[in-house]
Every structure is written in C-alpha cells, then in structure tokens.
Amino acid sequence: MTNAQEYINQGKILYDVGNYEESINKYEEALKEEPMNIDIYFGLSESYIMLEDFESARESLNNILLIDKDNAEAYFHIGNTQFLQDMQQEGKESYLKAISLGFSDIAIFINYAIVCEENGNYYEALKYYNKALTKDKFRADIRLRKIEILIGMNKIEESLENLDLFIQLNPDLFEGHHLKFLVLLENNRVQEAEKTLENAMKLFPEDEGFLFDKIILFQEQQKIDEALNIINTVFKDNNSKLILNEKVKIYLAQNKIEDAKFTLKQIISLDKDEFDEDSRFYLVMIYISEKNYLEAQKYIDEIIEYKSEGMYYYSALFLKGQVIKELDGQNKCKTYYEDIVSILRQGSLDYPDKMDLIIYRGLIYTELCNYEKALEMANYLLAISDNIGEAYLLRSQIYEAMGEVEKSQKDREIAIQKSATLSRFGI
C-alpha cells in the first residue's frame, strides 16, 4: 500500500466518524504524494461540504476539472454546493452540464426535478422525475411527487392512471389509496371514491386515517349524522385541529352556527404561537353572513396584519372593502378599493396561477365602475377555460351592474351549470 492510499483510507475513516477537520488533513497529506488523484479531491470536497465550507469544496471539485475537464460527477457535486448556497441558476447549469456529459445517477434527476418543482417549472420537473423513474420504477417517493404535481396541474386522468400504477407497484403503502380517494372525491366522482375507500379499509383495517376519510365522504354524501357519529366515537378524545375542523363543517351543515363559532375559536386558542388563518377566515364568512360586520372586520384586520401573502391575505383585502361598504358607505368602499387594487394586481403578477385573484380584481373593478377592466378579468378566465363557473358568475355580476339584465341572467344560468358548488347553493 502506498503512503497516499493509507492517507486516503484514514481520511475516509475520519470522515465516517465525523472528524471532518482531521479527514481534510489526511487528504491533504495524500495530495502531496499523488496530486493528480481525482478520488482525493472528491474526498476533500465531501469533508468541506460537511463543514459547510462550500467555496473550498468547489475549489477541490474544480481541481478535478483541471485534470479531467469532462468529469460529469464533478459537475454534479459542484451543482450540489451551489444549490446549498442558493445559487439556483449556477446549480442548474452545473447539473445540466453533468447530464450532457452522461452523468445519469438517479440522484441528479431527482435533485434537478425538485429544483424545477420548487421554482414552479412543473413540466420540466415531470420530465426529470420520469427520468428518475426509468432508473428505479419502485421509488414510491418519486412517483408520489410526480402524482402531486399532476394533481396540482389539474391533470386528473393522468393523476389517476399514475395512482393506479403506484398502488399496483406499492400495494402495502396507504398513500396511493388515500390520494386516489381524494382526487376522485374532489372531482365529484363520489361512487368511485367510495369504492376506493372501501377497498382501502379492507387492506388497512386498523388505519384511522381512512376512518377520517370516511368522515369526509359522509359529508359529501350529506350523511351528516353518520359523519358526526365517527367523530364522537372513534375520535371522541381527539381535540386536534384536524378533527375540530371537520366538526366545524358538520355544525355548519346542521346550521349550528353558535357551535361552529365556538369550535373555531377553540381551534384558534389551541396554539398561541401559530397563526390560524383558516379558522379566522371561517369566522369572517360567518359574521358577514350574520351581518355582524364589526366582528368580521376584527378577524379581517388580523389576517391582513399577519400578511402571509397567501390567498387568505388577498381575500381579506377584498372582503374588507365589502365590510367598509356596509359600515361606512359606497364612497369609502370605493376609496379603499382604489388604494388596494394595485396590491391585488401585484399579487396576480407574483402568483399568476391564482385564479381567485383575478376574480377579486374583477369584482373590485366592478365596484369602481371600471366595467371594461372588470370584463377583461372575466374574459381572461374564460379564455383559460370555459368551464369555470365562477368566471361566468363574475361576468354576470358585471353585466348586472352595467344594467344588461338579459346577459347577466344568461351567464348566471351557465355559472350554475358549470359549477357544482354554485348549483348546490343555488347562486
């Protein structure tokens, strides 16, 4: 054994036991013996990464490229260090260079897909998750990430096909059955969802998660008493936010408004360190329906002050205008909307896939009597898909404000046909 090899072995052992500084010292000794040994530079880079010294790690990896300019693995690891320092563009370029040089380890496909997913480049993410799955079709975690992207992109049939394959390849994992149930239920395929849940409960009879799914199914089927019975028996000692939220939905379905409000406030009080937007927003909608605008305003202002910049924030901005109109009149409502419409416009630029923002902007432009701009919002949504019932409802409201009664009524009828939710509530 050469001196260099002994130092390399010692460096590896010291790395394995977590003594990264001494590991580096041993690799440096090895380099004195064999300065052109690529494995030593890889070992050095790994130890530097564990010490979060990413610049030194990259220097070691770049030394490999001085010896072998087409070393694909070096580019892969350089990319890793760049992503660890949030150097997104540089990391992507290094990954793509590694791939172009033939590096095909499953890790690079997974890592690159995750980066694409986090940046909202879902088609590219799907491409590289698929590449990873060609390396290992049994990787359940990869297939799940792919399915979740497909669901988010509203590719329902493709999602269900992949869920069936996931279940076939991983029959002992509950996630596939659970996701398939939710996808079917959310797309109003209730009978298929029920059959999926029955099969899952036979396979996983002890899994309380599927009993929780049963609660959701019963609510969808308007079997409110059956849903409440599961909560009061199986989950009687469970005061988690998850269970209490379902209680709220059931109380609202039973028109037990005071019970719903009490439970929502109970949820808010569960964790003082966590700001619960969901429950506050429910309370806002309840108080508005009760015409208790002062209480609604209290929770609206809390959501705005929290400023998560998620949909609740933008919804609260819009609803505050409606509350101002009821409390202080149309003129103050218009003044408020003139002040905040630019915030919602910026929201549309930041979150172009959030269709609710377009609807809020359309409603605000209607309040401001800017009907041309309001119609632009509604027609943009309908250009994306002519099956968005809420877009027809928005346009109906715009036409109503313009005094075009016949057009308004026609769009309202289409809205009810297109949206099961609007139809259910008779809007």
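Predicted model: local features only at pLDDT ≥ 70, side-chain atom pairs only at ≥ 80, totals over all residues.
Residues are numbered from 1 along each chain as its sequence is written, and side-chain values use heavy atoms, with hydrogens and water left out. Local features need pLDDT of at least 70, side-chain atom pairs count only at pLDDT 80 or more, and totals for chains, interfaces and linings use all residues.

Start with helix α14, residues 224-233. Helices here are DSSP runs (H or I, at least four residues), numbered from the N terminus. The buried residues of α14 are Ile224, Ala227, Leu228, Ile230 and Ile231. Viewed down the axis of α14, these buried residues fall within an arc of 155°, so they line one face of the helix. The arc is that of the directions from the helix axis to the C-beta atoms. Buried means under 20% relative accessible area, exposed over 50%, and partly exposed in between (1.4 Å probe, protein chains only). What do the buried residues of α14 pack against? They pack against α13 (208-220) and α15 (241-253), where contact means heavy atoms within 4.5 Å.

Next, the salt bridges. The structure holds 19 of them. Each is a side-chain nitrogen of Lys or Arg within 4 Å of a carboxyl oxygen of Asp or Glu. Side chains of opposite charge can pair when their charged atoms come close.

Asp164 lies in helix α10 (residues 156-169) and Lys180 in helix α11, so the pair ties together parts that are 16 residues apart in sequence. Helix α11 spans residues 174-186. Is Lys180 buried or exposed? Lys180 is buried, at 19% relative accessible area. Asp164 is partly exposed, at 37%. Not counting residues up to four places away in sequence, Lys180 touches Leu160, Leu163, Asp164, Ile167 and Thr196.

An α-helix has 3.6 residues a turn, so residues three or four places apart point the same way. Lys249 counts as partly exposed at 34% relative accessibility. Glu246 counts as buried at 6%.

Another bridge joins Lys407 and Glu404, whose closest N and O atoms are 3.2 Å apart. Lys407 is partly exposed, with a relative accessible area of 42%. Glu404 is partly exposed too, at 28%. Elsewhere, salt bridges that share partners join Glu157, Arg189 and Glu192 into one network.

Key:
Helix = DSSP H or I, 4+ residues; strand = E, 2+ residues; numbered from the N terminus.
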